[in-house]
Every structure is written in C-alpha cells, then in structure tokens.
Amino acid sequence: MKRKLSPVTTAVILILVLGAVLYAYTRGLLGGKQPGGAKMGGGGAMPSPPPPPMGLPTVRVSTFAGYVRPGFADGKGWEAKFNGPAGIAAAPDGSLYVSDSRNHRLRRIAPDGTVTTVAGSGPTDCLPGGFADGPADQARLFNPAGLAVAGDGTVYFADSGNHRIRKLKDGVVTTVAGCATPQDDVGCEQGGYRDGPATTAQFRFPAAVALEASGAILVADLGNGRLRRISGATVSTVPNTPALREPTALAPGPGAALQVADPGAGTLSEMGAAGLAIHPRSGLVPKSPTGLCPLGAGDSVVVDAEWHAIYALNGATCVLLAGVLPPAPECGFRDGTGDVARFSGPCAAASIGNTLYVTDFGNNCIRAVVVPPDWATPLPPPHPRDRGFRHRREGDRSAD
C-alpha cells in the first residue's frame, strides 16, 4: 500500500534531507543527568566523569565561505551569504558546487573562495521554491540537496522539494527524471514511487546522486527508502537493497563498492555485486551519518549532523577528526584545531587533496578541514594534567 505523507511528515523529511540539527535531542544531552553508575567518593563529592571524545589536534578547521548569519549574497569568503547549505561536490577544475537549500539556488565557489550563483531564481529566505526548467538565471528550484559533477562539468542534483533529478549544463537547467505528483494540503507536491520512463518516473524527496562509470545516475530516494538508477531514459530500483530506511548520501567506497549513509537506521552500508551490506566498524560510531565523501585511496569521510562531528573511516576503524561527542556533544561555531572546532548540523563533504569542504548547515557557511597525512596513526593520550591546559590554549588561539 502506498504511503501518503502528511504535511508534518513532509516537513520532517525535508529537514532530515537538509541535515538540520536535532536541537531538542542535543539540548537534552547537554542538560541531562550525569551518566549512571557514578559513585560518591569518600568526601561526598561526585568524581569527575571522563572527558568526552574530541577531534584530532592535528586537524585544522577554518571558514572558507559564508558566515553564521543567513542571507543571500555573492562575494568572496565571509562576504558571501548562504541559507542552509546542504549538498556539496568538487568539480574537475578545482571549484566547488553547493546546493543553497533555503535560497533554492546552486552556488559555485572558485578555488580562491569567490562565490557566484549559477542556477535558480525566485524567493529566498526560507520561502517556498518553485519549478521551472530553462536558462539558469530563470530556472526555479525547491530545496536542492545532493550534487555530483561529471567530467565535462555537468552538475547533476537532487531537487528534493520538487521530487526530481535535474542537471545544469551550459547555463541551462533541465529535468533528467521525475514528473509532477499530487499536491498536499499546502500546495506542495507529495512525490511518489514509480519506475519506468524517466519522464513519468516518480521520486519522493531524493537526497543525493552519484555517477557510475557507465554514465548511469544513482539516486538516494530518501522518502521511499530506496536506491534508484537512471540509465538512459529509464528509472529502475536497484535490487538487493532492502535494508535502507532513509538514505541521504552516496560516495565511492573501497574497490568498486558504493557507500550509502542512512541516518534513519544509523548505518553505513556498502553496495557491491552481491547487494547491500552493513559496513563493519570499530571504535567510534556516528550517530546520524548524513554525508559521505572519499578521503585518499580507500578511506572515507562521514559527516554526522546530529552530533555535529566529522569522522574518517580507515578500513573498519572510525576516527573522530573534528567535534566533541557525548556525553556532551557540542554544537556552535568555532575555527581551530579538530578538538576545539565546532559545527552546527554539518550535512555533507567534498574532498580536494587533503582538504575537506563541509556544508555547515546550521552556521550557513562552508568550512575547510585540513587533514594531515598521518591522521590514522593513533595519538598518545594527553596527561590528565595537560588536557585542560592544551584545550584552553588552542581554543584561545583559534577561536573567533
């Protein structure tokens, strides 16, 4: 039986697509009780809990484009303004493409940090978007999400609010797959589920796209909990992927595998010839993996929107690069080393060399995360007497 999403459910799914922070959950963690099992010392004082896991002090985080206050403006560095940047992808020429979700635009960031608008028109400031193909400066988008850039510079993107897959090529936006669907009570299309010809196929809140070597397009169809493939002019459902709930990101994995992030299930999976398998992990485990990108040869980056953290996967081992984990996950805005930097609902990441570019949704900016080559080498734990001093020293030096 086909599911019919209410307006409330639709809003919740859109927020998840865009990687918005689960603020209530975080506030509960920050203001909750002490972890259970602690015993009173001989003097009646509660012993100090162990410090939470923190990012690596060898990682450097800076703001590449945009700033905390939302808005819409082109410019260089902090002069540019975003409103809920969601997806990001690197282009062959070293530039970055960003889906500026609440401005319903695609933006391009040149290697020097200059931001320009390359597609989209109409309202900004969280007002509803629209749908129209045509010249890029006249096209209408609605909450664009994940992107992928082909070798010839064509930008493919999931137009999530319009339930379509679209592309930007030679200054023109066209629809690759998807069609109009019934509207809900507030006049927004509800999406649907239908395979077949691309012009009549249906999606529900597609969240990400990835390009296969064959030229086919893989789609993380979040609202339907499925992976879809667009090959030629036909849309089909990828077989042997029944374990997905809410896929939001796709990225190349080791070998020929495709990695899939599913925050609804809290899992990372790899899709190979035999189908989908849960990625084995040891050490730290992301709470809500919403973004993925490759890091070097065979390693991967995982973005966790709920715990405001950036991880790296080296085989089955997960390493925290930047952020602070429970029992006190911290969101905020701070540049500096990985153990003092703060994010607010990071969504997605793209890599150029050893630098990650992260869409910091809640902070309305793009952050640059420089990862050292030896990031996978375990660091010796700091002496308890030195931990607080080191964090204060580096925080004072690097905080805004």
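This is a predicted model: local features need pLDDT of at least 70, side-chain atom pairs count only at pLDDT 80 or more; totals for chains, interfaces and linings use all residues.
This briefing describes selected strands, loops and residues of one protein structure. Strand S23 (residues 299-304) is largely enclosed by the rest of the structure, because six of its six residues are buried. Arginine 105, found in strand S5, is buried yet has no salt bridge.

**The five-stranded sheet**

- Five strands form an open sheet in the order S2-S6-S5-S4-S3, and their pairing is antiparallel.
- The edges of this sheet are taken by strand S2 (75-76) and strand S3 (85-90), each of which has a single partner strand, so one side of each is left without a neighbour in the sheet.
- Within the sheet, strand S5 (residues 105-109) pairs with strand S6 (residues 114-119) in the antiparallel sense, and four bridges join the two.
- One of the residues involved in this pairing is isoleucine 109, whose bridge partner in S6 is valine 115.

- The side chain of arginine 105 does reach backbone oxygens: that of glycine 120 is reached at 3.4 Å, and that of proline 123 lies 3.4 Å from a polar atom of the arginine side chain.

**Strand S23 and its two partners**

- Both faces of S23 are covered, with Asp299, Val301 and Val303 buried on one side and Ser300, Val302 and Asp304 buried on the other.
- Strand S22 (residues 289-295) pairs with S23 in the antiparallel sense over six bridges, and leucine 295 has aspartate 299 of S23 as its bridge partner.
- The hairpin of S22 and S23 has three residues between the strands, and in this hairpin glycine 296 takes a positive phi near 70°.
- Strand S24 (residues 309-314) also runs antiparallel to S23, to which it is joined by five bridges, and the bridge partner of serine 300 in S24 is leucine 313.
- S23 and S24 form a hairpin with four residues between them, and histidine 308, which is in the turn, has a positive phi of about 55°.

**Positive phi angles in two loops**

- Most residues other than glycine have a negative phi, which is the background for the next two cases.
- Histidine 163 is not a glycine, although its phi is positive at about 55°; this residue is found in the loop between strand S9 (155-159) and strand S10 (164-169).
- With a relative accessible area of 1%, histidine 163 is buried, because a residue under 20% counts as such.
- Asparagine 240, also a residue other than glycine, has a positive phi near 60°, and it lies in the loop between strand S16 (234-237) and strand S17 (249-252).

**Cysteines**

- The count of disulfides in this model comes to zero, where a pair of cysteine sulfur atoms within 2.5 Å would be needed.
- Cysteine 188 counts as partly exposed at 22% relative accessibility, whereas cysteine 318 counts as buried at 4% relative accessibility.

How values were computed. Residues are numbered from 1 along each chain as its sequence is written. Side-chain values use heavy atoms; hydrogens and water are left out. Buried means under 20% relative accessible area, exposed over 50%, partly exposed in between (1.4 Å probe, protein chains only). Two strands pair if DSSP finds at least two bridges between them. Lys and Arg count as positive and Asp and Glu as negative; His and the chain ends are not counted. A salt bridge is a side-chain nitrogen of Lys or Arg within 4 Å of a carboxyl oxygen of Asp or Glu. A polar contact is a pair of N or O atoms within 3.5 Å; within protein, one must be able to donate a hydrogen and the other to accept it, and residues adjacent in sequence count only if both atoms are side-chain atoms.
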